Amino acid sequence: MSNQPGLSRRQFLELAASLGFGGLLSSASRAWGIDVQAVENPLESYPDASWERAYRDLYKTDSSFVFLCAPNDTHNCLLRAYVRNGVVVRLGPTFGYGKAEDLYGNRCSARWDPRCCQKGLALTRRIYGDRRVRQPMVRKGFKAWVDAGFPRDPATGRPPAEHFRRGWDGWERVTWEQAVDYLARTLVNVAETYSGEKGAARLAAQGYEPETITAMRGAGTQALKFRGGMPLLGLTRIFGLYRMANAMALLDAKVRGVPPDQALGGRGWDNYSWHTDLPPGHTMCTGTQTVEFDLYGVESSKLVLVWGMNWITTKMPDSHWLTEARLKGTKIVVIACEYSATSTKADDAIVVRPGTTPALALGLAGVIMRE
């Protein structure tokens with residue numbers, strides 16, 4: 001065939017039919033719905049491709065909405081959720097940080113976009129996961145303690161150990177009304193137990209330092225500790241539970257019968273002491289809590305010492321500031337007890353044994369003061 005110059009399409013079809021291909025061409029014509037012999041340009045004609053719609057519609061959605069993502073961190077990124085048939089099928093960045101503007105017309109840099117991380121992108125697994133807690137749960141031992149009327153050691157005020165086997169006794173589902181009732185009664189019991197001279201004696205018997213007991217000034221509400229923990233930070237912001245701690249002054253006024261100006265609230269546990277994924281040195285030096293928006297400042301630094309913080313792992317939406325600082329010539333030094341993800345971005349990585357970093361810090365301070 002290839003040796004016959006000028007072979008027309010019709011001659012080829014006639015030859016194909018004689019070779020037994022007529023049936024194949026005829027069936028192909030019926031299946032595709034086109035006239036094979038009439039196709040002059042195959043780029044202008046294509047078989048029915050409606051089956052491709054199943055693939056093209058994989059990412060089709062009905063609607064979307066913007067929400068605050070706080071899976072278990074302090075980033076609080078604004079993400080966009082895409083909904084199909086009433087189900088969030090995927091999440092993505094809003095790309096709206098560059099549009100943010102204050103009352104004076106100052107606009108935020110678009111370099112904050114895209115602000116999201118792997119935890120946020122996978123949040124739908126938590127939303128629809130079979131392990132999601134969808135109702136109030138109370139630890140069984142604690143519930144038994146409350147139901148028993150808050151039994152305590154008369155000398156120390158300690159509850160029986162069998163009621164506080166955390167991690168061993170499981171959880172029990174309760175109604176919202178029951179959960180609120182258990183919480184309220186417990187707050188009242190703790191405040192009453194540790195108020196006044198009897199309360200101070202119980203705390204002393206438990207081993208509390210005298211200075212701590214004196215600082216409580218006889219208020220049992222001072223034994224109530226509140227912390228602005230995750231993920232409530234995303235809902236109530238940092239001050240939500242601290243405000244509740246202050247509100248315990250109302251309880252103190254009722255328990256001790258003191259006027260409002262003498263009532264004391266609960267104690268707030270800060271994230272630096274009880275969470276420890278933020279740099280405590282910032283608070284010690286400036287007196288204010290570190291927030292993510294401070295991290296962009298590394299671009300203006302010649303030397304960044306990352307110590308006590310696994311930036312790449314725990315601050316994923318802001319990790320680009322660290323890598324971009326390196327592009328500008330910033331030297332990165334990481335001190336950690338393991339070769340962390342942040343260590344891979346360091347010019348110098350110093351791996352130390354756990355518990356030896358205070359000695360290292362004192363040694364560095366000694367060199368600075370001596371030299």
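D147 is partly exposed at 46% relative accessibility, on a scale where buried means under 20% relative accessible area, exposed means over 50% and partly exposed lies in between, computed with a 1.4 Å probe and protein chains only. The side chain of D147 meets that of K143 in a salt bridge with an N to O distance of 3.0 Å, the term salt bridge standing for a side-chain nitrogen of Lys or Arg within 4 Å of a carboxyl oxygen of Asp or Glu. K143, at 13% relative accessibility, counts as buried. Because D147 and K143 are 4 residues apart in helix α6, about one helical turn separates them; helices here are DSSP runs of H or I with at least four residues, strands are runs of E with at least two, and both are numbered from the N terminus.

This is a predicted model, in which local features need pLDDT of at least 70 and side-chain atom pairs count only at pLDDT 80 or more, while totals for chains, interfaces and linings use all residues. Residues are numbered from 1 along each chain as its sequence is written, and side-chain values use heavy atoms, with hydrogens and water left out.

## How α6 meets α7

The axes of α6 (residues 140–147) and α7 (residues 176–193) come within 11 Å and cross at roughly 65 degrees, the axes being lines fitted to C-alpha atoms, for helices over the stretch in contact, with angles running from 0 to 180 degrees between N-to-C directions. The two helices, α6 and α7, are therefore roughly perpendicular to each other, a label given to angles of 65 to 115 degrees, whereas angles under 35 count as roughly parallel, those over 145 as roughly antiparallel and the rest as oblique.

In the loop between α6 and β5 (171–173), F150 has a positive phi of about 60 degrees although it is not a glycine. F150 counts as buried, with 13% relative accessibility.

## Other salt bridges

A search of the whole structure finds 13 salt bridges. One of them joins D252 and R256, with the closest N and O atoms 2.7 Å apart, and these residues are 4 positions apart in helix α11 (residues 240–256), so about one helical turn separates them. D252 is buried at 0% relative accessibility, whereas R256 is partly exposed at 26%.

The side chains of D347 and R326 also form a salt bridge, at 3.5 Å from N to O. D347 lies in the loop between β9 (331–336) and β10 (348–351) and R326 in helix α15 (residues 319–327), so this pair ties together parts that are 21 residues apart in sequence. D347 is partly exposed with a relative accessible area of 39%, and R326 is partly exposed at 32% relative accessibility. A network of salt bridges links R111, E299, E324 and K328.

## Backbone features in loops

The peptide bond from D113 to P114 is cis, with omega near -5 degrees, and P114 is found in the loop between β3 (87–93) and α4 (118–121). N85, a residue other than glycine, has a positive phi near 55 degrees. N85 is placed in the loop between β2 (77–84) and β3, and with a relative accessible area of 68% N85 is exposed.
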